[in-house]
Amino acid sequence: REMNFQDLDKCKKIYNSCYGIKIGEIVGSQLMEKVRRFVTFRHRIVHAAKDLTILNYDEVPRNDPIFANKRTLEEVRDTFIEFVKRIHDFTVRVTR
């Protein structure tokens, strides 16, 4: 089947069925939700018909706005680095 790394639920199932690796247990629920949220923001930016300044426009005013700016970009970068690092470190340990 087709693999799409933006579909985190599918990725979790594939890693579990192929390698017995439970990504949710490795990265934790908070990090998983941050990654999921940033993937949603990415989807909005790529597929939006308009320029997006506020990434979580559908949650405002209930929640504070998250702006498309350098600070958010750095948080996204750091989140994905941590996500990939945790999975990588785990897979290196179990394949030795």
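Predicted model: local features only at pLDDT ≥ 70, side-chain atom pairs only at ≥ 80, totals over all residues.
The protein chain comprises 4 helices and 0 strands. Along the sequence the pattern reads α-α-α-α. Along the principal axes, the C-alpha atoms occupy a box of roughly 45 × 30 × 20 Å. The protein chain has 96 residues, of which 23% count as buried. Contacts between residues at least 6 apart in sequence were also examined; 47% of these join residues at least 24 apart.

Helix α1 covers residues 8-19. With 12 residues at 1.5 Å a residue, α1 should span 16 Å. The end C-alpha atoms of α1 are 16 Å apart, so the two values agree. G20 follows α1 and has a positive phi, near 70°.

S17 belongs to helix α1. The relative accessibility of S17 is 61%; this is over 50%, so S17 counts as exposed. A polar atom of the S17 side chain lies 3.3 Å from the backbone oxygen of I14. S17 and D78 are 61 residues apart along the chain, and 28 Å separates their C-alpha atoms.

Helix α1 also packs against helix α3. The axes of α1 and α3 come within 11 Å and cross at roughly 130°. This angle makes α1 oblique to α3. On the α1 side, the contact is made by L8, D9 and K12. On the α3 side, M32, V35 and R36 take part.

Salt bridges were considered next. The structure holds 9 of them. Three are described here in turn, with their N to O distances.

The next joins the side chains of R44 and D58, at 3.0 Å from N to O. This pair links distant parts of the chain. R44 sits in helix α3, whereas D58 sits in the loop between α3 and α4. The two residues are 14 residues apart. R44 has a relative accessibility of 17%; this is under 20%, so R44 counts as buried. D58 has a relative accessible area of 39% and is therefore partly exposed.

E82 and R86 are separated by about one helical turn, because they are 4 residues apart in helix α4. E82 counts as partly exposed because its relative accessibility is 31%. R86 counts as partly exposed because its relative accessibility is 33%. Elsewhere, salt bridges with shared partners join D9, E33 and R36 into one network.

Technical notes: Residues numbered from 1 in each chain as written. Heavy atoms only, no water. Buried < 20%, exposed > 50% of the residue type's maximum accessible area, 1.4 Å probe, protein only. Polar contact = N/O pair within 3.5 Å; in protein donor to acceptor, adjacent residues only side chain to side chain. Expected span 1.5 Å × (residues − 1). Salt bridge = Lys/Arg side-chain N within 4 Å of Asp/Glu carboxyl O. Axes fitted to C-alpha atoms, helices over the stretch in contact; angles between N-to-C directions. Parallel < 35°, antiparallel > 145°, perpendicular 65-115°, else oblique. Contact = heavy atoms within 4.5 Å.
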